[in-house]
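Take a look at the chain below.

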Amino acid sequence: MRSNICVLLSLTALGLFAQQPGQYSLYFLDPVQFNPAYAGLDNSLSVTAGIRSQWTNLEGAPNGQRLSAHLPIYRLSSGFGIEVEQEELGARRYTRVGLSYNYQLLTGRSVWSFGVSARLRQLQLDGNLLRTPEGSYEEGGPIIHNDDLLGTGLFNANQYSFGAGIYYQSDKFEGGIAAQNLNAPALELEALTWSVRPMYSLYGRLRLEAFSDWVLYPSVMARSDGLQTQAEISAIMQKNDNIFVGLSFRGYNEVSSDAVIISAGLNVSPKISVAYAYDISISGIRAVHDGSHEFVVKYNLRQRIGSGVPPPIIYYPRTKE
């Protein structure tokens with residue numbers, strides 16, 4: 001196996017893992033993935049599917065897929081969402097299934113939303129794909145790790161986690177703060193422990209009239225688990241609430257600089273939009289991979305669901321008014 005598997009093996013020997021949410025460059029198309037308070041703020045049934053291939057041509061590199069659906073419940077002044085996400089990294093597969101619910105407070109031309117979430121997490125580790133320095137791995141022969149902590153076959157662990165968030169949306173600004181894994185769950189795999197630290201996020205985006213039919217959306221996203229912080233600054237230009245192009249930078253200093261991201265998207269029909277992002281790595285591992293690719297398809301029913309008082313129509317780049 002390549003170096004990334006060796007790193008995973010080193011952590012295995014310690015019996016302690018730290019697991020954080022998967023990384024996505026087109027997160028702004030589906031804020032419910034990091035903030036449960038966003039559920040329903042697309043003003044209709046909204047379904048988003050995304051796939052990400054990170055660090056292509058690097059063996060064992062992360063690959064992720066996610067699917068979310070959420071809708072407003074106007075009668076209850078609230079929103080409801082469901083999401084499924086899976087990430088593979090070498091011998092490890094990590095699956096999350098979650099529910100989100102929020103209460104929305106209308107204040108003139110803006111909306112305040114307060115949400116909570118619950119997720120079932122499953123960790124699967126394939127011991128057959130790992131290697132130890134003292135192991136025996138003859139071709140066609142049995143896999144012998146010679147490590148009391150590491151066995152062969154598949155190992156599974158399940159645990160629940162909980163989150164909360166606040167989101168604000170108006171004509172000119174939207175954003176919020178959120179926390180995931182508030183209960184800091186730990187997944188037990190035989191003699192190994194996979195710990196999940198609380199993750200906090202801060203997101204904000206402005207809507208600025210640029211020129212002609214173009215609108216500029218500058219934004220910032222920051223996430224931290226208290227030990228490490230990741231920040232991303234983006235600028236999206238959108239024409240006629242339809243086609244968009246964007247440029248982002250992930251990192252905030254020389255040590256954390258990770259990638260420059262080029263993104264683009266358009267509405268292929270009144271209800272369906274597609275988007276693509278390519279990460280150009282500027283970190284120390286750029287010499288061993290060919291960048292990262294991400295593709296998103298989004299569907300919005302664009303019809304009122306149920307009775308009650310809907311929120312005001314708010315302009316933002318995920319829908320075409």
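Accessible areas here come from the Shrake-Rupley method with a 1.4 Å probe. With that rule, the accessible surface of the protein chain comes to about 14800 Å². Carbon and sulfur atoms own 62% of that surface. Keep in mind that this is a predicted model.

**The whole chain**

The protein chain has one helix and 18 strands. It holds 321 residues, and buried residues make up 48% of them.

Strand 8 covers residues 173-180. Is strand 8 mostly covered or mostly open? Six of its eight residues are buried, so "mostly covered" is the answer under the cut-off of under 20% relative accessible area.

Strand 8 pairs with strand 7 (residues 154-169) in the antiparallel sense, over six bridges. A hairpin of three residues joins strand 7 to strand 8.

**Nonpolar cores**

In soluble globular proteins, nonpolar side chains tend to be buried together. The largest nonpolar core in this model has 22 residues. Those with the most contacts inside it are Leu26, Tyr27, Phe28, Leu29, Tyr167 and Tyr203. Two elements give two or more residues to this core: strand 13 (214-224) and strand 17 (272-281). Strand 13 gives the most, with three residues.

A second, separate core has 13 residues, including Ala91, Tyr94, Leu150 and Ala157.

Which residues does tyrosine 203 touch, leaving out those up to four places away in sequence? They are Tyr27, Phe28, Phe34, Tyr167, Glu174, Gly175, Gly176, Ser219, Val220 and Met221.

**Salt bridges**

The count comes to 16 salt bridges. Three of them are listed here.

| Salt bridge | N to O distance |
|---|---|
| Arginine 52 and aspartate 279 | 2.7 Å |
| Arginine 66 and glutamate 85 | 3.1 Å |
| Aspartate 171 and arginine 109 | 3.3 Å |

Start with arginine 52 and aspartate 279, whose side chains meet in a salt bridge. Arginine 52 lies in strand 2 (residues 46-53) and aspartate 279 in strand 17, so the pair ties together parts that are 227 residues apart in sequence. Both arginine 52 and aspartate 279 are buried.

Next come arginine 66 and glutamate 85, which form a salt bridge. Arginine 66 is in strand 3 (residues 63-73) and glutamate 85 in strand 4 (residues 78-89), 19 residues apart. Arginine 66 and glutamate 85 are both buried. They also belong to a network of salt bridges that links Asp30, Arg66, Glu83, Glu85, Arg96 and Arg119.

The salt bridge between aspartate 171 and arginine 109 involves two loops. Aspartate 171 lies in the loop between strand 7 and strand 8. Arginine 109 lies in the loop between strand 5 (92-107) and strand 6 (110-126). The pair therefore ties together parts that are 62 residues apart in sequence.

Why do these two residues count as partly exposed? Aspartate 171 is at 23% relative accessibility, so it counts as partly exposed. Arginine 109 is at 45% relative accessibility, so it counts as partly exposed too.

Note on methods. Residues numbered from 1 in each chain as written. Predicted model: local features only at pLDDT ≥ 70, side-chain atom pairs only at ≥ 80, totals over all residues. Heavy atoms only, no water. Core = buried A, V, L, I, M, F, W, Y, C linked by side-chain atoms within 4.5 Å. Buried < 20%, exposed > 50% of the residue type's maximum accessible area, 1.4 Å probe, protein only. Helix = DSSP H or I, 4+ residues; strand = E, 2+ residues; numbered from the N terminus. Contact = heavy atoms within 4.5 Å. Pairing = 2+ DSSP bridges. Salt bridge = Lys/Arg side-chain N within 4 Å of Asp/Glu carboxyl O.
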